[in-house]
Amino acid sequence: MNPNVHDWTLVSIVMTWNVGEIEFVFKDQKSHIVKGYIYDFTELKIPKLQPWGKSVSINSLEITPEGNNDKKIRLEMQSGDVIEVTAKNIEINIP
């Protein structure tokens, strides 16, 4: 699954450790708020090295199957950083 989120803004990432949940908050091209939820995550990587320069905009988003019935979400930022989460369930309702 490769939803078109190019040029969306990443507003926030909220992680609740004890229940293994993550909430992503985005703004689409029309500045509407879109939320995504991740349940039962097992791995979370959030680098902020900005090799391409500072940016809060998204370049691409991919959701792929992983082993053990997991899924991986890969969010490439226009800064060049790649945010990755492995989890049992990923729910992002992209219009």
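# Core, strands and pocket

Modeller: This is a predicted model. The largest nonpolar core has 20 residues, and Phe24, Phe26, Ile38, Ile73, Leu75 and Val85 touch the most other members.

Colleague: Which strands supply at least two residues of this core?

Modeller: Strands E2 (21-27), E3, E4 (58-65), E5 and E6 each do. E6 gives the largest share, five residues.

Colleague: And how many residues of E6 are buried?

Modeller: Eight of its 11, so E6 counts as mostly covered.

Colleague: Let's pick one residue there. Where does Ile90 lie?

Modeller: Ile90 lies in strand E6, which spans residues 82-92.

Colleague: Buried or exposed? Why?

Modeller: Ile90 is buried, because its relative accessible area is 10% and the cut-off for buried is under 20%.

Colleague: What does Ile90 touch, leaving out residues up to four places away in sequence?

Modeller: Tyr37, Ile38, Ile63, Lys71, Lys72 and Ile73.

Colleague: How far apart are Ile90 and Ile63?

Modeller: In sequence, 27 residues. In space, 8.4 Å from C-alpha to C-alpha.

Colleague: Ile73 is on that contact list too. What does Ile73 touch, with the sequence neighbours up to four places away left out?

Modeller: Ile38, Leu61, Glu62, Ile63, Ile83, Glu84, Val85, Ile90 and Ile92. Ile73 is also one of the core residues that touch the most other members.

Colleague: On to pairing. How does E3 pair with E6?

Modeller: Antiparallel, over eight bridges. E3 covers residues 33-45. Within that pairing, Tyr37 stands opposite Glu91 in E6.

Colleague: How many bridges join E5 to E6?

Modeller: Six, and these two strands run antiparallel. E5 is residues 71-77. Leu75 has Ile83 in E6 as its bridge partner, and Arg74 stands opposite Glu84 in E6.

Colleague: What sits between E5 and E6?

Modeller: Four residues, as the two strands form a hairpin. Gly80 in the turn has a positive phi of about 100°.

Colleague: What about E4 and E5?

Modeller: Seven bridges join E4 to E5, and they run antiparallel. Glu62 has Arg74 in E5 as its bridge partner.

Colleague: Which residue takes a positive phi in the hairpin of E4 and E5?

Modeller: Asn68, with phi near 60°. That hairpin has five residues between the strands.

Colleague: Why call E5 largely enclosed?

Modeller: Because five of the seven residues of E5 are buried. The rest of the structure encloses the strand to that extent.

Colleague: Which residues lie nearest its centre?

Modeller: Leu10, Lys48, Ser55, Met77 and Ile83, out of 13 lining residues.

Colleague: What is the lining like by class?

Modeller: Seven nonpolar, three polar and three charged residues.

Colleague: Back to E6 for a recap. What have we got?

Modeller: E6 pairs with E3 over eight bridges and is joined to E5 by six. Eight of its 11 residues are buried.

How values were computed
Residues are numbered from 1 along each chain as its sequence is written. This is a predicted model: local features need pLDDT of at least 70, side-chain atom pairs count only at pLDDT 80 or more; totals for chains, interfaces and linings use all residues. Side-chain values use heavy atoms; hydrogens and water are left out. Buried means under 20% relative accessible area, exposed over 50%, partly exposed in between (1.4 Å probe, protein chains only). Contact means heavy atoms within 4.5 Å. Two strands pair if DSSP finds at least two bridges between them. On a 1 Å grid over the protein atoms alone, a cavity is a set of points where a 1.4 Å probe fits but cannot get out, and a pocket is an open set with protein on both sides within 12 Å along at least five of seven lines; lining residues have an atom within 4 Å of a point. Ala, Val, Leu, Ile, Met, Phe, Trp, Tyr, Cys and Pro count as nonpolar, Asp, Glu, Lys and Arg as charged, and the others, Gly among them, as polar. A nonpolar core is a set of buried Ala, Val, Leu, Ile, Met, Phe, Trp, Tyr and Cys residues joined through side-chain atoms within 4.5 Å.
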